[in-house]
Amino acid sequence: MATLLTHDTTAKSSHQGPTTTVYEKGLQVGSNINRITKIETFRVRPRWLFVRVETSKGIVGWGEATLEGHSEAVEGAFADFRERFIGWDAANIEDIYQSAYRHRFYRGGEVLMSALSGLDIALWDIKGKTLGVPVWELLGGKVRERANVYGWIGGDRPSDVLEQAKARKEQGFTAVKMNAVESLGWLDSPHALEATVERLKDVKSVGIDVGLDFHGRVHKTLAKQLAAALEPHKPLFIEEPLLPGQVPEMEKLYRKTNIPIALGERLFTRQDVRPYFEAGCIDIIQPDISHAGGISETRRIANMAETYDIGVAPHCPLGPIAFAASLQIAYSTPNFLICEMSWKMHYNAGDFDLFTFLKNPEVFEVKNGAVEILTGPGLGIELDEELIRKNAEENKDFSWRNPTWRGPDGGIREW
Ligand SMILES: [Mg+2]
């Protein structure tokens, strides 16, 4: 008969229970420990949350925990991380991941997972810098020399997409993504869908591929009509055709269309993606490395997807740290397809764009629709810390918020 283990009998402690003084600072072996000494967050324009982790050996790792519109909530989660992980061995990424995920009883969700993502990415950066190798080396080595990327056109309320598509092509892109629709009612006029088809035809006339983001704005009554109207014009994929949580409805939509279906930016763990994989109702999973448990869990989601013949297209309308981390997955993951890139996207208006905080922006150059493999240690990017600190200080009271939309009847609509 199995014995129920109620406490860790191997740990030396003066008190009973599963948590002992031996493990207060995590797993630690030997004397050459590179301890976490500082964890900082920086809220910077246009809407990003950067994470800086420093160690006792003077190594600095950077992560990104951007959760658009909810920076304050993620910053709150970091108060707990500071209390817990200062003094832990930065080398033990998985032990820290497990503790962050499991030791506070509540787990998952966009807030806690985004904080964990930022910490995890910074720890991988530290490990790479400590060993003098890119993160992709630590993930098993490269499986490709460059990563396909796509840019954005059209903004929240898509228009002038033809000119923007030409501009993206000039920049080196061979694929773009745009919003499929503006705000829609639960049951809107079918005429509201006609402009979407015209925009898709316009952009394809430039000779580039287009993914269409439904953004969860479309309910199933219109989603099936829109998919049918788009199908003859062969979009690269349709994204979030229904809101997260609609697994059986997605399964029915999947059977109605041959357009590849992508989603995943609002799913955060293997547990979250599992029902979609098992239902066989998607072709492409889009984990966002700033929300889906960083490099550790994104990689695991990608591996899990491979067994279902599902490709991985990291979601990344965010900052340079998230993009560099996503590329590390791209270079080392066989079922990687294409990565989102926020260069010149509509949220990066003004002086702040993907390259603003980088000292080596040339590493993100887009040629023939792809970014060459990053070869620097860790994430392979050099950040302008002085500028980050200055921007965070100037913007400490700034909080980016998404627009809130209501229809002509006053009712709330999805953004
Ligand atoms: Mg999307």
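A: With a turn. This is a predicted model. In the hairpin of β2 and β3, four residues lie between the strands, and Gly58 takes a positive phi near 80 degrees.

Q: How many bridges join β2 to β3, and do the strands run parallel or antiparallel?

A: Strand β2 (residues 48–55) is joined to β3 by five bridges, and the two run antiparallel. As for facing residues, Phe50 stands opposite Glu64 in β3.

Q: Why is β3 described as largely enclosed by the rest of the structure?

A: A residue counts as buried if 20 or more other C-beta atoms lie within 10 Å of its own. In β3 (residues 60–64), four of the five residues are buried, so the strand is largely enclosed by the rest of the structure.

Q: How do I read burial along a helix?

A: An α-helix has 3.6 residues a turn, so residues three or four places apart point the same way. In helix α5 (residues 161–171), the buried residues are Val161, Gln164, Ala165 and Arg168. Viewed down the axis of α5, these buried residues fall within an arc of 105 degrees, so they line one face of the helix. The face turned away from that buried side carries the exposed residues Glu163 and Glu170.

Q: What covers the buried residues of α5?

A: The cover includes β4 (146–152), β5 (175–179) and α6 (194–204). Just after α5, Gly172 takes a positive phi of about 115 degrees.

Q: Is Leu226 buried or exposed?

A: Leu226, found in helix α7 (residues 220–230), has 23 other C-beta atoms within 10 Å and is therefore buried. Not counting residues up to four places away in sequence, Leu226 touches Ala180, Leu193, Thr196 and Val218.

Notes:
Residues numbered from 1 in each chain as written. Predicted model: local features only at pLDDT ≥ 70, side-chain atom pairs only at ≥ 80, totals over all residues. Buried ≥ 20, exposed ≤ 12 C-beta atoms within 10 Å, placed from the backbone. Pairing = 2+ DSSP bridges. Contact = placed C-beta atoms within 7 Å. Arc of directions from axis to C-beta.
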